[in-house]
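Subject: A structure to look at, with notes

Dear colleague,

Please read them with the model open beside you.

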Amino acid sequence: MSFNELQSIDEVSDHHVVELNTRRTPRSPAWTKLLSLWLVAGAGFFTDAYDIFTISIAAMMLGYVYGKDNRLQPSADFGLKVASPVGNLVGQIFFGWLADLIGRKRMYGFELIIIVIATFAQAIAGSGPAIHIIGVLTVWRFIMGVGIGGDYPLSAVIASEFASTRSRGRLMTAVFASQGWGYLASTIVALIAVSVFRNGILHDPPSNLAHVDYCWRILIGTGCIPGVLALYFRLTIPETPRFTMDIERNVKQACRNIEAVLSANGVEPGVWRADPEASTERTDAPKASVRDFIRYFSQWKNGRVLFGTAYSWFVLDIAFYGLGLNSSKIFTSNLLSALGLGSTIVDNSAQGVFDNLHNITIYTIIVVSAGLIPGYWVAFFFIDRWGRKPIQLMGFSILSVLFLIMGFGFDKLTESTGTIKLLMFFYCLANFFQNFGPNVTTFVIPGEVFPTRYRSTAHGFSAACGKLGAIVAQVIFFKKGDSVGTILEIFGFVMMTGIVSTLLLPETRGRSLEELSNENQKGFLRAPNQIELRNGIVLRRFT
């Protein structure tokens with residue numbers, strides 16, 4: 001086989017010994033493997049986003065059913081919205097660490113089981129003399145958040161370690177972009193539920209809106225369905241070859257795991273296997289430990305990358321979850337009615353309740369469809385062309401300007417129908433550049449820039465810092481929820497700091513994971529009579 005024939009085969013890991021049979025299959029469909037991986041990992045993120053963002057509308061419904069004066073107390077609203085991010089933080093650190101300790105496969109699917117159970121439990125929750133339903137929901141949303149948090153490092157690292165260098169950014173972005181579809185699905189389900197129970201809501205007495213109770217239970221409970229559908233495929237996915245090779249040092253199993261991936265690149269299945277005659281030395285390969293972790297990240301070239309990924313995600317999620325979980329506080333019923341999204345009735349009558357719920361779902365569908373989803377897919381097309389760092393810098397810069405305009409001009413932008421439409425345009429634009437910007441890249445970069453033994457841990461830590469930002473956002477809305485303009489101003493200044501943290505990061509486009517680890521991995525696994533061909537692949541050829 002010539003070197004040119006090998007260009008479609010990407011890196012396996014650094015300096016590993018395998019045999020290569022030169023037979024190739026004609027035009028093997030590489031996209032089918034990427035599509036299946038995207039569906040398996042993406043289904044989890046679809047579920048995650050559905051379950052996280054339903055609370056924005058569900059909290060309004062809960063207020064009508066269980067709240068005082070048809071709304072939840074600020075502390076109850078805060079508890080419901082902060083419980084999931086707190087759970088995310090715990091799950092991201094815990095599952096990220098476990099995935100590096102015992103393997104990606106062993107943990108993949110377990111976090112989805114937690115999500116499904118906790119989501120179903122919310123849908124059937126009730127009150128009792130000892131505890132209010134809001135307290136029950138808050139506990140279950142925390143548990144659900146733990147499962148969702150575990151999905152972040154696991155899906156990111158699995159996609160990164162299975163993907164080729166030239167398509168790694170697109171695959172990871174496609175997985176993450178499933179968030180947008182999950183968010184959209186949650187609002188569509190809310191709209192359908194409210195529309196189906198319209199007559200019941202209109203005939204309910206304002207003191208007992210029983211049909212709204214049906215709506216929020218259906219809205220939350222439907223989030224179980226995609227998780228259940230994806231569960232089998234997650235439990236049966238193979239271990240990533242990089243973990244098997246770099247951590248377990250099981251060359252034969254790693255070759256078996258990668259056969260399916262390599263066959264998609266035109267190499268006939270079953271022809272990659274360990275050379276049984278090659279003697280292997282492992283003494284030069286560092287193993288994960290507290291001492292090694294401190295040694296690796298105490299070096300400025302590595303520590304600054306971890307700080308850059310963690311802080312960038314932290315500041316991004318302050319705005320992303322601040323807006324995503326509190327959209328009804330920004331675009332109130334009066335503003336939505338001014339935009340022509342429904343009746344001008346905004347009181348607590350049955351008609352007012354229906355119109356308010358209907359309007360907020362329509363508004364959310366518009367924002368997600370016009371801003372969030374297009375942003376994800378524009379990022380998909382450009383992330384392996386422009387690179388991650390330019391997109392993140394551009395996103396933070398534009399978001400800074402947009403939030404400052406909306407913040408300082410909020411009073412002027414809410415004076416008339418024309419200016420409210422302009423505010424809506426700026427708001428959709430901010431959602432677009434969150435995704436065609438740091439929301440995507442803060443997920444992708446941590447899955448690429450760390451060595452295999454710490455890749456999941458570091459990604460989980462970075463993601464956990466993001467959820468710390470989401471918690472900070474809920475605290476800000478809890479303290480200053482009536483001062484939307486001030487909150488948007490804070491978001492604008494916070495986005496500026498993200499520009500600085502982005503400058504600490506390397507550009508990952510077109511670079512192998514081994515190169516990005518900032519380690520000289522030559523000699524990590526050695527054998528005689530090796531031939532190094534590309535990106536650290538070492539092959540023993542036979543005829």
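A nonpolar core is a set of buried Ala, Val, Leu, Ile, Met, Phe, Trp, Tyr and Cys residues joined through side-chain atoms within 4.5 Å, where buried means under 20% relative accessible area, exposed over 50%, and partly exposed in between, computed with a 1.4 Å probe and protein chains only. This is a predicted model, in which local features need pLDDT of at least 70 and side-chain atom pairs count only at pLDDT 80 or more, while totals for chains, interfaces and linings use all residues. Residues are numbered from 1 along each chain as its sequence is written, and side-chain values use heavy atoms, with hydrogens and water left out.

The largest nonpolar core has 121 residues, and those with the most contacts inside it are Met61, Tyr152, Phe403, Phe443 and Phe491. Helix α1 (residues 30–66) gives the most to this core, namely 17 residues; helices here are DSSP runs (H or I, at least four residues), numbered from the N terminus. Apart from this core lies another, of 10 residues, including Tyr296 and Tyr454.

Contact means heavy atoms within 4.5 Å. If residues up to four places away in sequence are not counted, Phe403 touches Ala319, Leu323, Ala430, Gln434, Leu488, Glu489, Phe491, Gly492 and Met495.

Ser456, which is in helix α21 (residues 452–480), is buried because its relative accessible area is 0%. Leaving aside neighbours within four places in sequence, Ser456 is in contact with Phe95, Gly96, Ala99, Asp100, Arg104, Pro153 and Val157.

Gly352, in helix α16 (residues 350–382), is likewise buried, since its relative accessible area is 0%. Although Gly352 and Leu202 are 150 residues apart in sequence, they are 9.1 Å apart in space, C-alpha to C-alpha.

Among the buried residues of α8 are Val212, Cys215, Trp216 and Leu219.

Lastly, Phe94 lies in helix α2 and counts as partly exposed because its relative accessibility is 40%.

With best wishes

Key
Helix = DSSP H or I, 4+ residues; strand = E, 2+ residues; numbered from the N terminus.
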